[in-house]
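This report describes selected features of a single protein chain. The sequence and the structure are shown first, and the description follows.

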Amino acid sequence: MASRFLRELTLRQLRALAAVHRDRSVTAAAKKLHLTQPAVTLQIRNLQALAGLPLIQRTSDGMLLTDAGREVLALSERIEAAIADCETSLEMMAGKTAGRISIGAVSTSKYFVPFMISGFSKLYPKVDVSLFIGNRQEIGTALRGYDLDFAIMGRPPADIDMDVRLIGDHPHVIIAPTSHRLARKSRLALSDLADETFLMREPGSGTRGLMEQLFETARVRPNIGMAMSSNETIKQAVIAGLGIAFISAHTVATELDERRLVTLDVAGLPVVRQWFVLSRKDKVLLPPARAMLEFLAARGAQFLPRTHGRVRITRPSVRGKRA
């Protein structure tokens, strides 16, 4: 009986029972529900058949609920409350005042994405934002699985049809400890770094792919030391003198200001790519997610770390292609 009850129970039946309980009359309930009396009687009869127990009884005071009827009425009240809550939530989502947003961001962007979320939350304080941080490969996998409303990253995945919006420039530099022998040298070539030990990000990282492309184009084979999955670990390892690193300038702003790291003056650097906010074209975005997408496209650049005065530019930057 239980499985049939759950499978065949309808909202019309529950509302018929609630109306009869409220008015103690099938005739009065029918008027309130804008139905005929036989229609209400049929709904009650079908509901009792599903329950397998009598739900109402006739008395001198009108139609009253049995104990079983009160159990079903309590269910009806819980369902009506849930429907009302859902209706309120949908109205708030439609008005962009509430809802949930799921964002993915490559690990390099974690230095500024929280500030973007904070800026958006000041405008829409009742919108819940969940943030997933991963490398480029992991974010691509989450996008393919429709797990994210949108993502903040550099080059979009090539195998997904994306809506891509520019946030701003993303410079990459080579960092070294302040005591490094090349720290005060000017106009270095990449070939001057051939004997240096480079600390790298893990396979699947966009920064690692960009570094490999840079050295391959220059026909220089760097001496690779350790591979690390964290920019923080790389920075600390460079400060400790374990090597130098090609890294996003947006990850080292604080260390450069505090003189714990320096950027090497290498011809052609920084390599400038771009930050994008992107979403699948076939992903349905509710109004809160669309509002944040528009917010990031219009105002996201103001949350990027400042690089002017921190990064030495030896020649005009070459913007990277998205593809």
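## Strand E9 and its partners

Isoleucine 174 stands opposite phenylalanine 246, a residue of strand E9. The model is a predicted one. The pairing of E6 with E9 is antiparallel and extends over 4 bridges. E9 also pairs with E7; these two strands run parallel and are joined by 2 bridges. In this second pairing, leucine 199 is placed opposite alanine 245 of E9.

E9 is largely enclosed by the rest of the structure, because 5 of its 5 residues are buried.

## Arginine 201 in strand E7

Arginine 201 belongs to strand E7, which spans residues 197-201. Is this arginine buried or exposed? Its relative accessibility is 4%, so arginine 201 counts as buried, the cut-off being under 20%.

The side chain of arginine 201 makes a polar contact of 3.3 Å with the side chain of asparagine 231. Beyond four places in sequence, the residues that arginine 201 touches include Ser107, Thr108, Asn135, Thr207 and Arg208, as well as Ser229, Ser230, Asn231 and Ile234.

## Helix H9

Helix H9 comprises residues 231-239, and its buried residues are Asn231, Ile234, Lys235, Ala237 and Val238. These residues lie on the same side of H9, because they cover an arc of only 165° around the axis. Among the elements that cover them are strands E6, E7, E8 (223-228), E9 and E10 (261-263), together with helix H10 (253-257).

The N-terminal end of H9 is capped by serine 230, with a side-chain oxygen 3.1 Å from the backbone nitrogen of glutamate 232. After the helix comes glycine 241, which has a positive phi near 90°.

## Helix H7

In helix H7 (residues 136-144), the buried residues are Arg136, Ile139, Gly140, Ala142 and Leu143. They fall within an arc of 160° when seen down the axis, so they line one face of the helix. The buried residues of H7 pack against strands E3 (99-106), E4 (127-134), E5 (150-153), E6 and E11 (271-280), and against helix H8 (206-218).

At the start of H7, asparagine 135 places a side-chain oxygen within 3.0 Å of the backbone nitrogen of glutamine 137. Just after the helix, tyrosine 146 has a positive phi of about 60°.

Nonpolar side chains tend to be buried together in soluble globular proteins. Here the largest nonpolar core has 34 residues, and those touching the most other members are Ile101, Met116, Leu143, Phe150, Ile152, Met292 and Leu296. At least two residues of this core come from each of E3, helix H6 (113-123), H7, E5, E6, E11 and helix H11 (287-299). H11 gives the most, with 6 residues.

Apart from neighbours within four places in sequence, phenylalanine 150 is in contact with residues including Ile101, Ser102, Ile103 and Gly104, with Val277, Leu278 and Ser279, and with Ala289, Met292, Leu293 and Leu296. A second, separate core has 22 residues, including Leu50, Ala51, Ile56 and Leu65.

## Annotated domain

An unreviewed UniProt entry lists residues 9-66 as "domain: HTH lysR-type". In the model, the chain over residues 9-66 is 62% helix and 14% strand. The end C-alpha atoms of this segment are 19 Å apart.

How values were computed
Residues are numbered from 1 along each chain as its sequence is written. This is a predicted model: local features need pLDDT of at least 70, side-chain atom pairs count only at pLDDT 80 or more; totals for chains, interfaces and linings use all residues. Side-chain values use heavy atoms; hydrogens and water are left out. Buried means under 20% relative accessible area, exposed over 50%, partly exposed in between (1.4 Å probe, protein chains only). A polar contact is a pair of N or O atoms within 3.5 Å; within protein, one must be able to donate a hydrogen and the other to accept it, and residues adjacent in sequence count only if both atoms are side-chain atoms. Contact means heavy atoms within 4.5 Å. The arc is that of the directions from the helix axis to the C-beta atoms. UniProt positions are given in the numbering used here, feature names are shortened, and annotations may be inferred rather than shown by experiment. Two strands pair if DSSP finds at least two bridges between them. A nonpolar core is a set of buried Ala, Val, Leu, Ile, Met, Phe, Trp, Tyr and Cys residues joined through side-chain atoms within 4.5 Å.
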